[in-house]
Amino acid sequence: MEAGVFPDSRALPGEKIDAKVRPFLEEAGLLEPGESIIYFYSGGIFSYREDGNYFTDQRVVSYTEVAGEIYSDELTYPEITDFEVEWSESFFEDSIIDVVGSDGDSFDLWVSNEEDGDHEFHRLLKKEWLLRRDH
């Protein structure tokens, strides 16, 4: 990821994310060609590479970079059994959406509450899950 491409402080619909995000996600093996990002949020300070939380038409993904390595968690919609949300009431803290898998494992999506982006992210995530969970 190029230096100088700072993440937006808001959660954004897929069509509004920076054009450099998709190539990075594909190179990192976090996005398949043709997969559509529906909503995306990065808590990174200097780069999208540092952190990201998003969902596509196929799955839900959270990633982080530690010492130059990208670590990720993901579940497809049929693998998800529920979402648990801890809404943030502070501008300085993100809301946390816990994605619960059928195997009992779970991971968190951190989403900014700026402009109620966390609520829209959650609403559309749940809508996508309900649409695709039985496929």
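Predicted model: local features only at pLDDT ≥ 70, side-chain atom pairs only at ≥ 80, totals over all residues.
Colleague: Let us start with the strands. In what sense do β4 and β5 pair, and over how many bridges?

Modeller: Strand β4 covers residues 59-66 and strand β5 covers residues 69-76. The two pair in the antiparallel sense, over eight bridges.

Colleague: Which residue of β5 does Thr-64 stand opposite?

Modeller: Thr-64 stands opposite Tyr-71.

Colleague: And how many residues lie between the strands of this hairpin?

Modeller: The hairpin of β4 and β5 has two residues between its strands. Ala-67 takes a positive phi there, near 50°.

Colleague: How many salt bridges does the rule give?

Modeller: The count comes to seven. One of them joins Arg-10 and Glu-115, with the closest N and O atoms 3.6 Å apart.

Colleague: Which parts does the pair of Arg-10 and Glu-115 tie together?

Modeller: Arg-10 lies in the segment before β1, while Glu-115 lies in the loop between β8 and α2, so the pair links parts that are 105 residues apart in sequence. Arg-10 counts as partly exposed, at 26% relative accessibility. Glu-115 is exposed, at 63%.

Colleague: Where do Arg-59 and Glu-35 lie?

Modeller: Arg-59 is in strand β4, and Glu-35 is in the loop between α1 and β2. Their side chains meet in a salt bridge of 2.8 Å, N to O. The two residues are 24 apart in sequence, so this pair also ties together separate parts.

Colleague: Are Arg-59 and Glu-35 buried or exposed?

Modeller: Both are buried. The term applies because each has a relative accessible area under 20%.

Colleague: Which helix holds both Arg-123 and Glu-120?

Modeller: Both lie in helix α2, three residues apart, which is about one turn of the helix. Arg-123 is partly exposed at 45% relative accessibility, and Glu-120 is partly exposed at 28%.

Conventions. Residues numbered from 1 in each chain as written. Heavy atoms only, no water. Pairing = 2+ DSSP bridges. Helix = DSSP H or I, 4+ residues; strand = E, 2+ residues; numbered from the N terminus. Salt bridge = Lys/Arg side-chain N within 4 Å of Asp/Glu carboxyl O. Buried < 20%, exposed > 50% of the residue type's maximum accessible area, 1.4 Å probe, protein only.
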